[in-house]
Amino acid sequence: MKRLRAWILPILVLILFALIPFTASFYYQQIFFYIFLFAGVGFAWNLVGGYAGQLSLGHAAFFGIGAYAYALLAPHIGTGPAVLAAAVLSTVSAAPIGLICFRLRGPYFALATIAVAQLLLVLATNQFKGLTQGAAGLLVQGMVPDPSLYYWVALGFMVVAFAVTALLATSKTGYYLMAIREDEDTAQTVTINTPLYKLYALLVSALLTGVGGSIFAANLGTIQPNDVFSAAISNQVVFLAILGGAGTLYGPLVGAFILEFASDWLKNSVANVTWLGDANAFAFFLYGLLIVLVVMYMPAGIVGTVAKWRKGRAAHVHAQRTTAGV
Amino acid sequence: MFLQTIVNGLLLGALYAIVGMGLSIVFGTMRIVNFAHGQFVMAGMYITYTLFTAFGLDPYVSALVSFVLCFLLGMAVYRVAIHRIIRGPEMNHILLTAGIGLMLTNLAQMVYNTNQLTINLSYSHRDLVFGGLRINIAYLISFLIAAVVAALLFWFIMKTETGRAIRAISQNAAAAALSGIHVTRVTMLAFGLGIAVAGVAGTLLLPIHYVDPSVGDAFSLLAFIIVVLGGMGSILGSAIGGLLIGVIAQLASYYLGQSYSDVLTYVVFLLVLLFKPSGLLGRSRV
Amino acid sequence: MHNRRPARMLATLTLAGLFALAGCGTSGSGASGGSGNTGGGSAGSGDNTLTLGVITSITGADSEFGKAQKEGYEVALDEINAAGGILGKQVKLVYLDDKSSAQEAAKDVDQLVSQYHAQIILGPYSSGSALAVVKKADTYKIPDIVPTATAANVTQTGSKYVFRLCATSDDYAKAICELLKQQGDAKTMAIVHEDQNFGTSADKAMVNYAKQYGFEVVDDESYSTKDLDYKAMLQRVKQKHPDVIYFASYSKDAVALMKQAQEIDLNAKYFTAAGTGFSVGTFPQDAGPAAEYTLAAGQWDPSAKWPGAKEFYDKVHAKFGDYPSYHDMEAYAALYVAKEAIEQAGAYDGQKIRDALASLQMETAFGPVHFDSTGQNAHPVIVTQIQNGKFVTVFPSDAATGKLLPTPPWSQRK
Amino acid sequence: MSTHNEPLLAFDHVKKHFGGLFVTNDVSFSVQQGEVLFIIGPNGAGKTTIFNLITGFVTPDEGDIRFEGESIKGLKPYQIARRGIGRTFQIVQPLANMSVLDNVMLGAFAHTSSKHEARRQADEILDLTGLGKWRDRMAGSLPLAGRKRLEIARALATRPKLILLDEVCAGLTPTEAVETIQLLKQLRDRGVSAIGGIEHVMRVVMEISDRVIVIHHGQKIAEGTPQEVTSHPDVIEAYLGARLEV
């Protein structure tokens with residue numbers, strides 16, 4: 001009975017997502033495309049940043065590698081194999097990056113990941129200009145004949161990303177990653193090979209992020225280093241996961257949903273409030289404020305806080321029963 | 001030309017060092033991961049720009065004003081936001097300060113819009129020439145002021161009562177509290193001091209570099225690279241880290257090409273993180 | 001940690017609630033969705049106003065040029081509405097900000113089509129965004145007038161719906177090479193370009209044309225506009241002793257490059273550039289004496305002989321107080337081209353407007369406008385030289401308003 | 001298994017210095033299979049360093065550490081844990097945001113990959129250690145005694161051959177100390193050999209320890225049965241200062 005109840009929510013959500021394209025305008029379909037895409041990459045990040053507690057601020061590295069791998073290979077080997085190549089290349093690149101960055105902990109790990117992503121951004125813009133066309137932009141072959149199908153591609157990607165990360169998170173690996181997040185030394189004393197599991201989480205995360213990058217490139221039709229290797233991509237993935245609830249199953253989806261709709265609403269209604277001077281900057285000012293407030297008052301994110309509040313209530317009920325019993 | 005490049009590197013390095021120095025107090029000693037450090041440098045630049053354009057105040061004079069204003073701004077930010085999460089995981093430090101950085105960047109954009117603002121000083125492009133070497137006057141003045149600030153900071157941290165309290169807190173906050181140090185007040189003071197030095201760095205940068213809302217992020221990463229390279233918590237370390245990066249950037253630009261200065265800076269940073277995680281002078285923190 | 005059953009049930013409610021909100025947000029064909037977007041959903045050819053969609057960079061790295069474009073559009077809008085609007089309807093412009101990013105530009109096109117039923121798109125500013133907008137316009141089958149993006153590949157996507165008003169980075173390179181060939185005293189060239197799409201395209205074009213005209217490219221440097229200092233790079237150029245230096249820079253870096261070139265006594269027979277930073281109105285004052293004698297290939301200059309050029313210069317100065325660059329003029333001309341095309345098409349319909357644009361032949365204050373099969377307008381490029389603080393057109397000879405002065409070494413300048 | 005005369009654990013002339021200071025100065029001792037050894041000494045004598053040396057968090061400068069006859073010097077902590085050495089920490093380090101059950105299941109996962117099997121084993125150990133009533137509570141919300149007991153339970157779940165207990169009774173009330181002693185007795189009766197590190201709760205040592213070594217300034221100054229050691233003049237003078245009323 002409990003297993004069945006656990007699957008009501010995902011089914012309900014999927015049905016809703018399946019209905020949306022038939023009611024929504026293409027504009028909102030595109031908004032949902034970005035919600036699904038970045039929720040998927042958010043799930044991937046959540047493995048490393050949420051469950052394992054390794055705050056990667058450089059996931060754009062894998063996103064960009066996936067995007068360029070797809071863009072450069074699709075014309076030669078076709079879209080399907082190109083997506084596969086994107087997945088493989090971003091996973092392979094995660095090995096050396098992981099080996100370098102995982103020697104460090106906490107803020108130093110975060111700083112190292114930023115440095116890696118920035119390094120790839122500069123290399124793609126200059127040194128590898130011959131290959132990537134640098135900032136002049138690279139035309140990208142479409143993944144699907146009709147642009148409105150990208151909605152389903154992104155939805156599929158998100159479901160796969162959710163499934164993979166949920167499976168891992170609720171298995172032995174998930175327990176081990178959480179132990180690493182809580183205290184890496186203690187984790188080692190219960191036989192956990194912490195470097196190996198951190199790298200394992202990063203490889204899976206990079207694979208999914210790389211695929212996300214290839215879908216992003218195909219939908220946009222052209223890519224430049226600034227679009228796919230930029231800190232904006234890394235930060236967006238981290239903030240949506242934190243807002244939704246890092247280390248929770250559904251956090252990234254809730255975070256992606258709120259961030260995308262908030263920026264769309266802000267862009268439209270705030271845009272023509274003239275007294276603000278640069279209305280768009282005001283929108284991002286609110287975005288920064290939202291992050292500060294979430295970190296200060298709701299560090300577990302929306303889903304995390306709701307779960308904690310529920311557990312508090314459940315534990316309270318439990319305590320009443322047991323004190324009577326002792 | 002090699003000597004000229006080294007000299008340019010040292011002059012540029014002094015500016016890098018002062019950008020990193022404020023952070024070496026905040027991140028190095030107090031362990032507060034301030035990802036908005038670059039935005040405070042930007043704040044110093046905008047303060048100096050406003051004073052220069054509105055009152056014609058020479059930037060090297062307004063350094064004091066930006067020091068005081070940023071000091072108060074830093075204390076306010078610490079009191080309102082950072083103090084609440086200081087005990088929490090470092091991940092929250094990073095996210096909170098990144099959020100603050102985003103707020104400052106966009107506040108600047110709302111007030112000053114996105115134009116790249118510069119100030120034209122009579123001497124910002126004039127050189128002193130001696131023995132075949134060209135020393136840019138603006139860089140030279142900034143080099144000297146940076147050296148003075150570094151010395152003052154070193155003296156303050158090492159010799160004064162508050163400085164000793166700050167170092168005590170950085171070693172063991174609980175023990176410091178037990179020995180009568182008002183930890184919260186001193187931490188706030190140290191944070192304010194770090195931000196004030198960032199403001200002064202902004203003042204010294206303006207004669208040489210434009211300011212627009214996007215410069216904050218670049219300076220934040222640069223400051224972290226310098227503090228980590230120089231070693232945690234040591235003012236001297238970040239001075240050396242800054243000079244080192246300045247020389248590396250200039251040599252790379254001259255011998256390999258301008259974009260290689262960024263590439264080499266990141267590569268050196270990653271290598272030092274890998275092989276000498278404690279940085280050149282500081283304590284290990286793998 | 002593992003969600004316990006009660007927590008999951010409440011998470012269900014929260015998510016379901018959020019989606020219900022989204023559901024209503026997507027109701028109907030999104031004309032005025034519940035998610036509070038502006039009521040600007042009036043169909044393109046509604047009652048008595050015609051809403052045209054403009055994409056430009058209001059924020060981000062290119063915002064300075066987005067501002068210039070907006071000035072041009074506003075001046076044209078006032079004139080057109082004063083003269084009775086388009087198809088007898090008053091025109092309203094909706095500006096969507098692409099935040100200087102291709103991803104946002106693509107989203108803006110979707111929004112223009114679904115919320116404003118746009119049948120024609122004006123903009124964006126940069127080449128990167130233009131590539132994304134052209135791909136989107138192609139899928140919607142509506143024409144896009146590109147006023148300022150110079151990268152060659154914008155009109156090489158094979159799309160039939162792109163119409164570019166301005167000359168390309170190839171035309172800049174060709175004009176500079178023609179001028180140098182005419183002068184006959186230059187052999188070697190160094191290229192110094194910023195590393196974003198404008199600079200990269202200008203570099204690619206010049207490397208190609210320099211080879212065609214027999215100039216040897218002795219050095220090719222790329223830099224970031226975020227760099228603090230260019231002296232080391234300019235020292236590298238100085239070691240190669242080029243006759244000509246070809247810059248592709250935005251405004252602040254153009255000023256810094258020339259001042260630092262003077263500082264390190266980097267001399268060349270010709271300091272040339274691909275417009276943009278070197279032909280922005282503020283360049284002569286900002287760079288001061290360092291700007292003298294610099295040559296810039298550009299799209300337009302107030303002293304150009306096309307009717308309406310001078311009047312436009314005065315109108316922009318009167319309305320906004322600053323000096324227009326060719327970016328303002330390109331936007332101004334783009335709105336007029338849109339007006340002409342819509343009126344020739346006789347209806348606000350994407351396909352008809354596209355066909356009208358394909359066969360369009362008209363005179364504007366920006367010069368003659370006629371698009372070839374790839375949608376490129378053969379816009380003539382003029383080369384201006386800064387002579388005591390003023391832009392003087394020195395090439396081609398038929399448009400010249402002054403003689404090209406040789407560039408003296410820095411030491412001999414007063 | 002270990003050869004006849006080779007002890008379960010041999011700590012052989014180990015030296016370790018941080019900077020100039022010798023934290024462990026040529027210390028040797030051994031633990032036989034099924035034996036309970038206690039290391040006592042004043043605070044800062046170097047007990048925790050010895051624990052860190054055995055569990056691989058710190059590598060010795062000189063000397064060797066052999067477990068079941070094989071050297072474990074230089075191995076990583078998780079490799080040593082896999083050979084069967086469990087550990088608790090002096091400053092309790094429960095995995096705070098994980099439930100008590102999850103904490104113990106982590107240990108159980110050392111021998112199974114199935115969640116259900118791990119949960120079953122964990123429940124078993126929770127009953128043994130009396131933590132059943134806090135099964136679903138967050139580890140961080142437990143009182144000190146509960147957290148200390150949880151650390152033992154988590155270590156037990158990995159089915160260690162040797163368990164290191166660092167200050168397991170420090171900070172507990174007398175009744176809590178008694179309960180912990182009962183638990184340790186149960187472990188000993190089940191043949192789990194152990195090394196304990198005690199600073200001042202001598203009752204634990206006297207009741208369950210087979211042998212005791214005394215560490216002072218990083219050196220072993222005495223070894224023997226609890227009774228012998230506590231009457232040893234050097235121990236009294238260095239460690240207790242006054243006659244110990246037993």
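Student: How far apart are the end C-alpha atoms of residues 137–157 of chain B?
Tutor: They lie 30 Å apart, and the span is 100% helix and 0% strand. Keep in mind that this is a predicted model.
Student: Which residues of chain B does UniProt list under "transmembrane region"?
Tutor: The UniProt record, an unreviewed entry, lists several stretches, including 6–28, 40–57, 137–157 and 263–281.
Student: What is the helix content over residues 40–57 of chain B?
Tutor: That stretch is 89% helix and 0% strand, with its end C-alpha atoms 20 Å apart.
Student: Switching to chain A. How many helices and strands are there?
Tutor: Chain A has 15 helices and 2 strands. Its radius of gyration is 21 Å, close to the 20 Å that the globule rule gives for 326 residues, so chain A is as compact as a globular protein of that length.
Student: What share of chain A is buried?
Tutor: Buried residues make up 65% of its 326 residues. As for the surface, the accessible area of chain A is about 10,900 Å², and 74% of that belongs to carbon and sulfur atoms.
Student: Is helix α7 of chain C mostly covered or mostly open?
Tutor: Mostly covered: 7 of the 9 residues in α7, residues 231–239 of chain C, are buried. Among them are C:Lys231, C:Met233 and C:Arg236.
Student: What comes just after α7(C)?
Tutor: C:His241, which takes a positive phi of about 45 degrees.
Student: Last one, chain D. Where is D:Ile125?
Tutor: D:Ile125 sits in helix α4, residues 115–128 of chain D.
Student: Buried or exposed?
Tutor: D:Ile125 has a relative accessible area of 14%, and the cut-off for buried is under 20%, so D:Ile125 counts as buried.
Student: Which residues does D:Ile125 touch, leaving out those up to four places away in sequence?
Tutor: D:Ile125 touches D:Val104, D:Ala153, D:Leu156 and D:Ala157. Also, its C-alpha atom is 9.9 Å from that of D:Leu150, 25 residues away along the chain.

Methods
Residues are numbered from 1 along each chain as its sequence is written. Chains are lettered from A and ligands numbered from 1 in the order in which they are written. This is a predicted model: local features need pLDDT of at least 70, side-chain atom pairs count only at pLDDT 80 or more; totals for chains, interfaces and linings use all residues. Side-chain values use heavy atoms; hydrogens and water are left out. Helices (H or I, at least four residues) and strands (E, at least two) are DSSP runs, numbered from the N terminus. The radius of gyration is taken over C-alpha atoms; the globule rule is 2.2 Å times the number of residues to the power 0.38. Buried means under 20% relative accessible area, exposed over 50%, partly exposed in between (1.4 Å probe, protein chains only). Accessible areas come from the Shrake-Rupley method with a 1.4 Å probe; for residues, only the protein chains shown count as cover. UniProt positions are given in the numbering used here, feature names are shortened, and annotations may be inferred rather than shown by experiment. Contact means heavy atoms within 4.5 Å.
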